[in-house]
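This briefing is for a reader new to the structure. Please look at the sequence and the model before reading the points below.

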Amino acid sequence: MKIINLRDLYPFYKSDFLIEIADEVAELIKQIERKEHADYERIRVNKAYYSLDSGDGIERDIVLLVLSPEEIYERKMSKQELYAAINSLPEKQAKRIYAHFFLGMSKSEIARIEGVNKCQVSRSIDKALKNIEKFLKKFL
(Lines give C-alpha, C1' and ligand atoms only; values in the text may rest on other atoms or scores of the structure.)
Protein backbone atom coordinates (compact mmCIF):
# COMPACT_ATOMS: atom_id res chain seq x y z
CA MET A 1 0.00 0.00 0.00
CA LYS A 2 1.22 3.45 -0.93
CA ILE A 3 0.17 6.86 0.25
CA ILE A 4 -0.47 9.53 -2.40
CA ASN A 5 -1.53 13.14 -2.22
CA LEU A 6 -4.71 13.78 -4.24
CA ARG A 7 -3.69 17.42 -4.52
CA ASP A 8 -0.92 16.32 -6.93
CA LEU A 9 -3.45 14.58 -9.19
CA TYR A 10 -6.41 16.94 -8.93
CA PRO A 11 -5.75 20.67 -9.04
CA PHE A 12 -9.11 21.59 -7.47
CA TYR A 13 -7.88 20.33 -4.08
CA LYS A 14 -6.71 23.41 -2.16
CA SER A 15 -4.91 21.53 0.58
CA ASP A 16 -3.13 18.22 0.94
CA PHE A 17 -5.38 15.18 0.98
CA LEU A 18 -3.43 11.97 1.63
CA ILE A 19 -4.96 8.57 0.90
CA GLU A 20 -3.69 5.04 0.88
CA ILE A 21 -3.94 3.06 -2.39
CA ALA A 22 -2.90 -0.37 -3.62
CA ASP A 23 0.54 -0.79 -5.21
CA GLU A 24 -1.03 -1.72 -8.59
CA VAL A 25 -3.05 1.50 -8.67
CA ALA A 26 0.03 3.54 -7.74
CA GLU A 27 1.96 1.89 -10.57
CA LEU A 28 -0.86 2.72 -13.03
CA ILE A 29 -0.85 6.35 -11.91
CA LYS A 30 2.91 6.48 -12.40
CA GLN A 31 2.60 4.98 -15.91
CA ILE A 32 -0.06 7.54 -16.85
CA GLU A 33 2.14 10.38 -15.61
CA ARG A 34 5.06 9.03 -17.66
CA LYS A 35 2.87 8.77 -20.77
CA GLU A 36 1.58 12.33 -20.32
CA HIS A 37 5.13 13.60 -19.87
CA ALA A 38 6.32 11.70 -22.97
CA ASP A 39 3.43 13.17 -25.00
CA TYR A 40 4.26 16.66 -23.74
CA GLU A 41 7.94 16.22 -24.67
CA ARG A 42 7.03 14.89 -28.13
CA ILE A 43 4.84 17.96 -28.72
CA ARG A 44 7.51 20.30 -27.41
CA VAL A 45 10.36 18.79 -29.44
CA ASN A 46 8.32 18.70 -32.67
CA LYS A 47 6.75 22.10 -32.01
CA ALA A 48 3.36 20.54 -32.68
CA TYR A 49 1.30 22.77 -30.44
CA TYR A 50 -1.80 22.75 -32.61
CA SER A 51 -3.99 19.86 -33.60
CA LEU A 52 -6.12 20.09 -36.72
CA ASP A 53 -8.81 18.24 -34.81
CA SER A 54 -8.87 20.57 -31.84
CA GLY A 55 -11.84 22.60 -33.08
CA ASP A 56 -10.05 25.95 -32.92
CA GLY A 57 -10.66 26.64 -36.63
CA ILE A 58 -7.16 25.94 -37.95
CA GLU A 59 -8.31 23.07 -40.15
CA ARG A 60 -11.29 25.06 -41.43
CA ASP A 61 -9.06 28.02 -42.31
CA ILE A 62 -6.67 25.78 -44.22
CA VAL A 63 -9.35 23.81 -46.05
CA LEU A 64 -11.65 26.75 -46.70
CA LEU A 65 -9.68 29.11 -48.89
CA VAL A 66 -11.21 32.57 -48.80
CA LEU A 67 -10.46 34.47 -51.99
CA SER A 68 -10.46 38.21 -52.45
CA PRO A 69 -12.84 39.70 -55.05
CA GLU A 70 -9.86 40.35 -57.35
CA GLU A 71 -8.77 36.71 -57.17
CA ILE A 72 -12.30 35.51 -57.87
CA TYR A 73 -12.52 37.79 -60.90
CA GLU A 74 -9.10 36.65 -62.18
CA ARG A 75 -10.07 33.00 -61.85
CA LYS A 76 -13.36 33.63 -63.63
CA MET A 77 -11.59 35.40 -66.48
CA SER A 78 -8.96 32.66 -66.69
CA LYS A 79 -11.65 30.00 -66.94
CA GLN A 80 -13.51 31.96 -69.61
CA GLU A 81 -10.31 32.38 -71.61
CA LEU A 82 -9.53 28.68 -71.25
CA TYR A 83 -13.02 27.65 -72.38
CA ALA A 84 -12.79 30.06 -75.31
CA ALA A 85 -9.43 28.52 -76.26
CA ILE A 86 -10.89 25.01 -76.10
CA ASN A 87 -13.90 26.10 -78.16
CA SER A 88 -11.55 27.46 -80.84
CA LEU A 89 -10.05 23.98 -81.33
CA PRO A 90 -11.23 21.53 -83.96
CA GLU A 91 -13.98 19.28 -82.59
CA LYS A 92 -11.84 16.15 -82.27
CA GLN A 93 -9.06 17.95 -80.41
CA ALA A 94 -11.54 19.67 -78.10
CA LYS A 95 -13.21 16.35 -77.24
CA ARG A 96 -9.87 14.71 -76.56
CA ILE A 97 -8.68 17.60 -74.36
CA TYR A 98 -11.96 17.50 -72.43
CA ALA A 99 -11.82 13.73 -71.99
CA HIS A 100 -8.19 13.72 -70.91
CA PHE A 101 -8.00 16.77 -68.62
CA PHE A 102 -11.56 17.27 -67.40
CA LEU A 103 -12.80 13.68 -67.22
CA GLY A 104 -9.41 12.24 -66.22
CA MET A 105 -9.33 9.60 -68.93
CA SER A 106 -5.98 8.22 -70.04
CA LYS A 107 -4.83 8.58 -73.64
CA SER A 108 -5.09 4.82 -74.14
CA GLU A 109 -8.71 4.84 -72.89
CA ILE A 110 -9.59 7.62 -75.33
CA ALA A 111 -7.87 5.71 -78.16
CA ARG A 112 -9.74 2.52 -77.28
CA ILE A 113 -13.11 4.30 -77.22
CA GLU A 114 -12.47 6.10 -80.51
CA GLY A 115 -10.93 3.00 -82.11
CA VAL A 116 -7.66 4.71 -83.03
CA ASN A 117 -4.00 4.35 -82.13
CA LYS A 118 -2.77 5.85 -78.85
CA CYS A 119 -0.05 7.77 -80.73
CA GLN A 120 -2.73 9.59 -82.72
CA VAL A 121 -4.48 10.65 -79.53
CA SER A 122 -1.19 11.78 -77.96
CA ARG A 123 -0.25 13.84 -81.01
CA SER A 124 -3.72 15.33 -81.18
CA ILE A 125 -3.64 16.36 -77.50
CA ASP A 126 -0.13 17.81 -77.84
CA LYS A 127 -1.17 19.82 -80.89
CA ALA A 128 -4.31 21.00 -79.08
CA LEU A 129 -2.20 22.19 -76.13
CA LYS A 130 0.03 24.17 -78.47
CA ASN A 131 -3.05 25.72 -80.10
CA ILE A 132 -4.45 26.63 -76.68
CA GLU A 133 -1.11 28.19 -75.74
CA LYS A 134 -1.13 30.30 -78.94
CA PHE A 135 -4.72 31.36 -78.26
CA LEU A 136 -4.03 32.36 -74.65
CA LYS A 137 -0.91 34.37 -75.61
CA LYS A 138 -3.28 36.81 -77.31
CA PHE A 139 -4.64 37.80 -73.89
CA LEU A 140 -1.24 38.58 -72.36
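Predicted model: local features only at pLDDT ≥ 70, side-chain atom pairs only at ≥ 80, totals over all residues.

In which helix is Ser124 found? Ser124 belongs to helix H7, which covers residues 118–137.

**The chain as a whole**

- The chain has 140 residues, and 17% of them count as buried.
- Its secondary structure consists of 7 helices and 2 strands.
- Read from the N terminus, the order of the elements is β-α-β-α-α-α-α-α-α.
- Of the contacts between residues at least 6 apart in sequence, 33% join residues at least 24 apart.

**The largest pocket**

- The volume of the largest pocket is about 190 Å³.
- Its lining is made up of Lys2, Ile4, Asn5, Asp8, Leu9, Asp23, Ala26, Glu27, Ile29, Lys30 and Glu33.
- Three elements each supply at least two residues of this lining: strand E1 (2–5), helix H1 (6–9) and helix H2 (23–46).
- Helix H2 gives the most, with 6 residues.
- Sorted by class, the lining has 6 charged, 4 nonpolar and 1 polar residues.

- Lys2 lies in strand E1 and is one of the residues that line the largest pocket.
- Lys2 has a relative accessibility of 42%, so it counts as partly exposed.
- Beyond its neighbours within four places in sequence, Lys2 is in contact with Ile19, Glu20, Ile21, Asp23 and Ala26; Asp23 and Ala26 are also among the pocket's lining residues.
- Lys2 and Ala22 are 20 residues apart along the chain, and their C-alpha atoms are separated by 6.2 Å.
- Asn5 is also placed in strand E1 and also belongs to the pocket lining.
- Asn5 is buried because its relative accessible area is 13%, and the cut-off for buried is under 20%.
- The side chain of Asn5 reaches the backbone nitrogen of Arg7 at 3.1 Å.
- Not counting residues up to four places away in sequence, Asn5 touches Asp16, Phe17 and Leu18.

**Ile97 in helix H5**

- Ile97 is found in helix H5, which spans residues 91–102.
- Ile97 counts as buried because its relative accessibility is 2%.
- With its neighbours within four places in sequence set aside, Ile97 is in contact with Ile86, Leu89, Phe102, Ile125, Ala128, Leu129 and Ile132.
- Ile97 and Asp126 are 29 residues apart in sequence, while their C-alpha atoms are 9.2 Å apart in space.

- Is Ser124 buried or exposed? Ser124 counts as buried, because its relative accessibility is 10%.
- The side chain of Ser124 makes a polar contact with the side chain of Arg96 at 3.2 Å.
- Leaving out residues up to four places away in sequence, Ser124 touches Gln93 and Arg96.
- Asn131 lies in helix H7 as well.
- Asn131 has a relative accessible area of 26% and is therefore partly exposed.
- Asn131 and Ser88 are 43 residues apart in sequence, and the distance between their C-alpha atoms is 8.7 Å.

Technical notes
Residues numbered from 1 in each chain as written. Heavy atoms only, no water. 1 Å grid on protein atoms, 1.4 Å probe; cavity = no way out; pocket = protein on both sides within 12 Å on 5 of 7 lines; lining within 4 Å. Points joined across faces, edges and corners; volume = space filled by probe spheres on them. Helix = DSSP H or I, 4+ residues; strand = E, 2+ residues; numbered from the N terminus. Nonpolar A, V, L, I, M, F, W, Y, C, P; charged D, E, K, R; others polar. Buried < 20%, exposed > 50% of the residue type's maximum accessible area, 1.4 Å probe, protein only. Contact = heavy atoms within 4.5 Å. Polar contact = N/O pair within 3.5 Å; in protein donor to acceptor, adjacent residues only side chain to side chain.
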